[in-house]
Amino acid sequence: MLGTENNKPWIFEFCPVAPNWSIDWSMLLDKFDWLRKLEGCSQDPIYYLEGDVLNHTKLVCNSLIELDIWRKLDKTKQSIIFMAALLHDVAKPFFTTVDSDGRISSAGHARAGAKLARRILWEMSVPFYVREQIVYLVRYSSLPFYLFEKQDPQYSVIQASQVVKLEFLSILAQADVLARKCKDQKDLLEKIELFCEFAKEQECFFQAREFPSPHSRFIYFKKEGGDPNYQAFDDTCFEVVLLCGLPASGKDTWIKNNLPNWPVISLDEIRKELKIPPDKNQGQVLVESKERARKFLREKHGFIWNATNVMRSRRSQLIELFNAYKARIRIVYLETNLEDLFKRNHSRTETVPKQIIEKMFDSLEIPNITEAHQVDWIIN
């Protein structure tokens, strides 16, 4: 159930409640430095006559809590969307530019904002599934406005539905538009309405779009232009497990407890064999590890690829390799809280420098179900 972990529902302590539905902005600004940083960050007056990013964020939150559709949700769902409203422009201060004719833009702020939101929420110990729902609300916050400018709107909306509740996204978008003082407000509200209707037609507004099989889903997300109803013939004949997680997140322990007899390609072990430290060029390590993988792949023998794999681009390269040999791909992502992570790393024989872990954290793209036949999230 969304928002329930360890049998305790997550509720944001500053989320407004009935009967007053009031927001304590002085408390929020005192508590969160990332919110204070929004003050003074300019926006293009053509689209945002209401002022800087902080003022816009306040107005979005105020508009949100006035919506009947939001007030009728349970407290956890209210908290998720309210937190997303607070964070939806969190990266704008770092991505705002002014061009030669005075126009202001912040291209790329949604994608960067999602990563920054993940870091903020992780440090706040927000439960994993709640956190990721908020992260993807930030990431896709502009999708309702630009869906039909995408090359394949069907693919885009179905892809988004796998990671975020589009119903929540539409509520956030509506609050965003109602908060704006702009000439195209009516047009934007119509776009949101069209987005909702299209998502309902694609059977993914209230839940993730379902597929005939995991293999059909895997094939669909390999490229745009496919048919989500297509029953793909499953020609996979063995399984490869791709581990993913920051250093000291528990990957070795998971292998011992779950697949102790499986062959493992461990990048850490190969580094030791080749005497290459983790902060040096890893090219030779990758070449050797892929050559060992190809041996198992040619033999149609299942194995575990044990590495951090924190970036989707790196995972995609490996998945393409495994898929070429008709492997069924299972990603296992492991996560623990930051305090335990650094404690575990410090107690290991071969510690990873903290600055490298920090860099990996900033690059972290948590795997989702659009990448593989199966994705398991192991949260400690």
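Visitor: A helix here is a DSSP run (H or I) of at least four residues, numbered from the N terminus. With that settled, where is the place of Leu188?

Guide: This is a predicted model, and in it Leu188 belongs to helix H12, which covers residues 185–201.

Visitor: Is Leu188 buried or exposed?

Guide: Buried means under 20% relative accessible area. Leu188 has a relative accessible area of 7%, so it counts as buried.

Visitor: Which residues is Leu188 in contact with, leaving aside neighbours within four places in sequence?

Guide: Those residues are Phe145, Val177, Arg180 and Cys182.

Visitor: And how far apart are the C-alpha atoms of Leu188 and Gln202?

Guide: They are separated by 21 Å, with the two residues 14 places apart along the chain.

Visitor: Which residues of H10 are buried?

Guide: They are Pro153, Tyr155, Ser156, Val157, Ile158, Ala160 and Ser161. That makes seven of the nine residues of H10, so the helix is largely enclosed by the rest of the structure.

Visitor: Turning to H8, how many of its twelve residues are buried?

Guide: Ten are buried, so H8 is also largely enclosed by the rest of the structure. Among them are Phe128, Val130, Arg131, Glu132 and Tyr136.

Visitor: What should helix H8 span, and how far apart are its end C-alpha atoms?

Guide: The expected span is 1.5 Å times one less than the number of residues. For the twelve residues of H8 (128–139) that gives 16 Å, and the end C-alpha atoms are 16 Å apart, which agrees.

Visitor: How much space lies in the second largest pocket?

Guide: About 890 Å³. Of its 30 lining residues, Arg111, Tyr140, Gln159, Arg312 and Asn368 are the closest to its centre. H8 and H10, discussed above, are among the helices that each supply at least two lining residues, and H17 has the largest share, with five. The lining divides into twelve nonpolar, six polar and twelve charged residues.

Visitor: What about Glu239: where is it found?

Guide: Glu239 is found in strand S5, residues 238–244. Its relative accessible area is 19%, under the 20% limit, so it is buried.

Visitor: Which side chain does Glu239 join in a polar contact?

Guide: The side chain of Arg328, in a polar contact of 2.6 Å. Beyond four places in sequence, Glu239 touches Trp262, Gly302, Phe303, Arg328, Arg330 and Gln374.

Visitor: A word on the backbone, please. What kind of peptide bond joins Ala18 and Pro19?

Guide: A cis peptide bond, with omega about 5°. Pro19 is found in the loop between strand S2 (8–9) and helix H1 (25–31). Most peptide bonds are trans, and most residues other than glycine have a negative phi.

Visitor: What is phi of Ala248, and what is phi of Asn309?

Guide: Phi of Ala248 is near 70°, and phi of Asn309 is near 50°. Ala248 is in the loop between S5 and H14, while Asn309 is in the loop between S7 and H17.

Visitor: What is the relative accessibility of Ala248, and of Asn309?

Guide: Ala248 is at 7% and counts as buried. Asn309, at 5%, counts as buried too.

Methods. Residues numbered from 1 in each chain as written. Predicted model: local features only at pLDDT ≥ 70, side-chain atom pairs only at ≥ 80, totals over all residues. Heavy atoms only, no water. Buried < 20%, exposed > 50% of the residue type's maximum accessible area, 1.4 Å probe, protein only. Polar contact = N/O pair within 3.5 Å; in protein donor to acceptor, adjacent residues only side chain to side chain. Contact = heavy atoms within 4.5 Å. 1 Å grid on protein atoms, 1.4 Å probe; cavity = no way out; pocket = protein on both sides within 12 Å on 5 of 7 lines; lining within 4 Å. Points joined across faces, edges and corners; volume = space filled by probe spheres on them. Nonpolar A, V, L, I, M, F, W, Y, C, P; charged D, E, K, R; others polar.
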